[in-house]
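Have the viewer open as you read.

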Amino acid sequence: MGRRSICVGFLALLILGVTGHPLEDLVVRLPGQPKVNFRQFAGYITVDDEAGRSLFYYFAEAYGDADTKPLTLWLNGGPGCSSIGGGAFTELGPFFPRGDGRGLRINPKSWNKASNLLFVESPAGVGWSYSNRSSDYTSGDDSTANDMHVFMMRWYEKFPEFKSKDLFLTGESYAGHYIPQLAVALLNHNKYSTGFKFNIKGVAIGNPLLKLDRDIPSTYEYFWSHGMISDEIGLVIMNECDFDDYVFSNSHNVTTKCNNAIAEANQVVGDYINPYDVILDVCYPSIVEQELRLKKYATQKSVGVDVCMTYERRFYLNLPEVQKALHANRTNLPYIWSMCSGVLNYSDTDGNINILPLLKTIIQHDIPVLVFSGDQDSVVPLLGSRTLVRELAHDLDFKTTVPYGAWFHKGQVAGWATEYGNLLTFATVRGAAHMVPYAQPARALHMFRSFVSGRRLPNTTHLID
């Protein structure tokens, strides 16, 4: 072995210590990244050797004492949207894109203050995840859960020291399907495995799609209750629309009056409101127009929130030097990175699956479940989620252990919460929206830190936040 090889090997040991972290996946430094005292890794895990189907991941160690903190998996929804662009670089990861889209700034409320964070672009066809077999881009909930099961097994082979650590499964939106289905797949693995078993300690899903026939009407209830549509339109929808047994692919039980009222409601709400965050200003394509409008019309709620972050994120993640630093796009995909996939053909019927029985199974394995809702989201509003959690508690014969009431952060009401049977919690996050950590980062971090620490949300202002 030559001197250069010895030096490189010694440097690797200095960087990685004695852990099993893979040197080839180490992200030395991202372009325009501030200095930090934690390590990052990114790369691919092949989940089907024959098809070459591979999922891209980004992993950020926890701030300080990473070895003593749990591992948290985060998945975004869609279906077909990127957990790298969403969770990692817009919501709860350690960095946000700068305003010029050419560098990064620190997220002071990153969830890696409380846990090691793992983000995966799933299924294949999302972001930089790919397959050499184009038919793999036709997928659904079962194949997604199966691939993520294989991903986790093989990711642990790269990072064996995490096998024994507490594992939390988290996500938002259509991850209300992804995460419970993955949790059940991992529990089935544990049931039949005579060797390694996943150490699942909690499931947390934000503004999750759980049951269509309750989540869909909640959108129009939300529009009406927030003054976004008239009494007349709201009454027609409530009286004419039968959402029982509603499915994506077949709405034969919806009348013409109902369809017309829904179309009118959507028109009244209009294009200048972000339905995922109804109080947040929208980002206008023209930077000049954006600056002028925000200076004139910005509300206090929008101050401090970068409403154009999605544009900055897209620009940054498509920089060749960024992709090189992340070991991403290794096959030179014939399309640019985008937040939500343009090549994925995802099942249009799997959204109809009722997730409550899966959550029941998870809880019956003594795994705590947290359902949280930003209260400014009209796409999957708290109105439906709260009702469904109560239905689940009734089905489990759980009594209310914490009555519905305010929880606090920094002396302010951070939301409202209730707990059933010590294993099922529903919490709102005040002033947050569909992407809770993006709109209310401090409150979201407080909620997450409490969950992974096994603490209840504080119902008094006297506790130190």
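Let's settle one term before anything else: a residue counts as buried under 20% relative accessible area, as exposed over 50%, and as partly exposed in between. Lys-360 has a relative accessible area of 24%, so Lys-360 is partly exposed. Keep in mind that what you are looking at is a predicted model.

**Salt bridges**

Lys-360 has a partner: Asp-395 makes a salt bridge with Lys-360, and the closest N and O atoms are 3.3 Å apart. That pair links distant parts of the chain, with Asp-395 in helix H12 (residues 382-395) and Lys-360 in helix H11 (residues 356-364), 35 residues apart. Asp-395 is also partly exposed, because its relative accessibility is 47%.

| Salt bridge | N to O distance |
|---|---|
| Glu-61 and Arg-39 | 2.7 Å |
| Arg-133 and Asp-136 | 3.2 Å |

For the pair Glu-61 and Arg-39, are the two residues buried or exposed? Both Glu-61 and Arg-39 are buried. Their salt bridge also links distant parts of the chain: Glu-61 is in the loop between strand S3 (53-60) and S4, while Arg-39 is in the loop between S1 and strand S2 (40-48), 22 residues apart.

Arg-133 has a relative accessible area of 35%, so it is partly exposed, whereas Asp-136 is buried because its value is 12%. Arg-133 and Asp-136 also belong to a network of salt bridges that takes in Asp-48, Arg-53 and Asp-147.

**Disulfides**

On to the covalent links: a disulfide is a covalent bond between the sulfur atoms of two cysteines. The count here comes to two disulfides. In one of them, the sulfur atoms of Cys-81 and Cys-340 are 1.9 Å apart, and the link is right-handed, with 100° about the S-S bond. Cys-81 is buried because its relative accessibility is 13%, but Cys-340, at 38%, is partly exposed.

The other disulfide joins Cys-241 to Cys-258, again with an S to S distance of 1.9 Å. The torsion about that S-S bond is about 110°, so this disulfide is right-handed. Cys-241 is in the loop between helix H6 (231-240) and helix H7 (256-269), Cys-258 is in helix H7, and the two are 17 residues apart. Both Cys-241 and Cys-258 are buried.

**Sheet and surface**

Which order do the strands take in the open sheet? The 11 strands run S1-S2-S3-S7-S4-S9-S10-S12-S15-S14-S13, with mixed pairing. Strand S1 (26-27) and strand S13 (400-409) are the edge strands, each pairing on one side only. Inside that order, strand S10 (residues 200-206) and strand S12 (residues 369-374) run parallel and are joined by four bridges; Val-203 has Val-369 in S12 as its bridge partner.

In the loop between helix H4 (175-192) and S10 you'll find Ser-193. Ser-193 is buried because its relative accessibility is 16%, and a polar atom of its side chain lies 2.8 Å from the backbone oxygen of Phe-196.

Finally, Trp-224, Leu-235 and Met-238 form a nonpolar surface patch with about 300 Å² of accessible area together. Trp-224 belongs to helix H5 (residues 212-225) and is partly exposed because its relative accessible area is 39%.

Note on methods:
Residues numbered from 1 in each chain as written. Predicted model: local features only at pLDDT ≥ 70, side-chain atom pairs only at ≥ 80, totals over all residues. Heavy atoms only, no water. Patch = residues over 30% accessible without salt bridge, like charges linked within 9 Å, V, L, I, M, F, W, Y side chains within 5 Å. Areas by Shrake-Rupley, 256 points an atom, 1.4 Å probe, with all protein chains shown as cover. Salt bridge = Lys/Arg side-chain N within 4 Å of Asp/Glu carboxyl O. Buried < 20%, exposed > 50% of the residue type's maximum accessible area, 1.4 Å probe, protein only. Disulfide = S-S within 2.5 Å. Pairing = 2+ DSSP bridges. Polar contact = N/O pair within 3.5 Å; in protein donor to acceptor, adjacent residues only side chain to side chain.
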